[in-house]
Amino acid sequence: KAAERALEDRARQMAEMARFPEMNPGPVCRMELDGTILLANVAARRIFGQTVLKGRSWLEVCPGMTPEIWQRAVDGAGSLNHEARVGEAVISFTIAHEAGSSNIFAYGMDVTELKRAERIMEAQTAELVEMARFPEMNPGPVCRVELDGKVVLANRAARQFFECDSLKGRSWLELCPGMDRALWEKLLHAPDGLVLEAKVGS
């Protein structure tokens, strides 16, 4: 009888393994309600840098997974999303718990490139907003300069004044006659700014 039960248990385990999404390109883990990992596919083991995840605690393995977040997954029927930075990768996990089930699944998707694209888009949007606010139509030259002296924005009048198609990235200390490092340092600490008279060309 004991041997028969062992064979039946083994058969159930094999069937379970066959059903498990081993070939899923994203990380997939199956956990008990206390967070103990029961099964983890190849992608999960690769992403977390572990040859064996079975028996480990999901709360220790998954970055940013707190007991509070996990409890929400346990208590709620349905799914919640959790974003984790694993090394250089950003993984978006959907943690699913069916009502009444004794197991919880975590399905992950690598969103690293998507997040990078979002950051680039945000930076470009911010730059466009800044340029829209910048006094391009000001009849006098206007420049915006970083604390290290690098020109960030320059309006049309400034570009014409310095006879340059683009001033972005140039050093204000090199562009502006009479502006040296000592004067620049003084400017940085002057609460009301400085007045500098400079001769450029004629």
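This is a predicted model: local features need pLDDT of at least 70, side-chain atom pairs count only at pLDDT 80 or more; totals for chains, interfaces and linings use all residues.

**Strands and rings**

Q: Over how many bridges do β4 and β5 pair?
A: Two strands count as paired if DSSP finds at least two bridges between them. Strand β4 covers residues 89-97 and strand β5 residues 103-110. Their pairing is antiparallel, and the number of bridges is six.

Q: In what order do the five strands of the open sheet lie?
A: The pairing in this sheet is antiparallel. β2 (37-40) and β3 (78-86) each have a single partner strand, so one side of each lacks a neighbour in the sheet and both stand at the edges. The order is β2-β1-β5-β4-β3.

Q: Why is the pair of Phe48 and Phe93 called stacked?
A: Rings of Phe, Tyr and Trp (its six-membered ring) pair if their centres lie within 6.5 Å; planes under 30 degrees apart count as stacked, over 60 as edge-to-face and the rest as tilted. By this rule there are six aromatic pairs. For Phe48 and Phe93 the centres are 6.1 Å apart, and the pair is stacked because the planes stand at 5 degrees.

Q: Are Phe48 and Phe93 buried or exposed?
A: Phe48 lies in the loop between α2 (42-47) and α3 (58-61) and Phe93 in strand β4, so their pair ties together parts 45 residues apart in sequence. Buried means under 20% relative accessible area, exposed over 50%, and partly exposed in between (1.4 Å probe, protein chains only). Both Phe48 and Phe93 are buried.

Q: What kind of pair do Trp58 and Phe93 form?
A: Trp58 belongs to helix α3 and Phe93 to strand β4, 35 residues apart. Their ring centres lie 5.2 Å apart with the planes at 90 degrees, so the pair is edge-to-face.

Q: Which residue in the turn between β6 and β7 has a positive phi?
A: Strands β6 (residues 143-145) and β7 (residues 151-154) pair in the antiparallel sense over three bridges. They form a hairpin with five residues between them, and the one in the turn with a positive phi, about 95 degrees, is Gly149.

Conventions. Residues are numbered from 1 along each chain as its sequence is written. Side-chain values use heavy atoms; hydrogens and water are left out. Helices (H or I, at least four residues) and strands (E, at least two) are DSSP runs, numbered from the N terminus.
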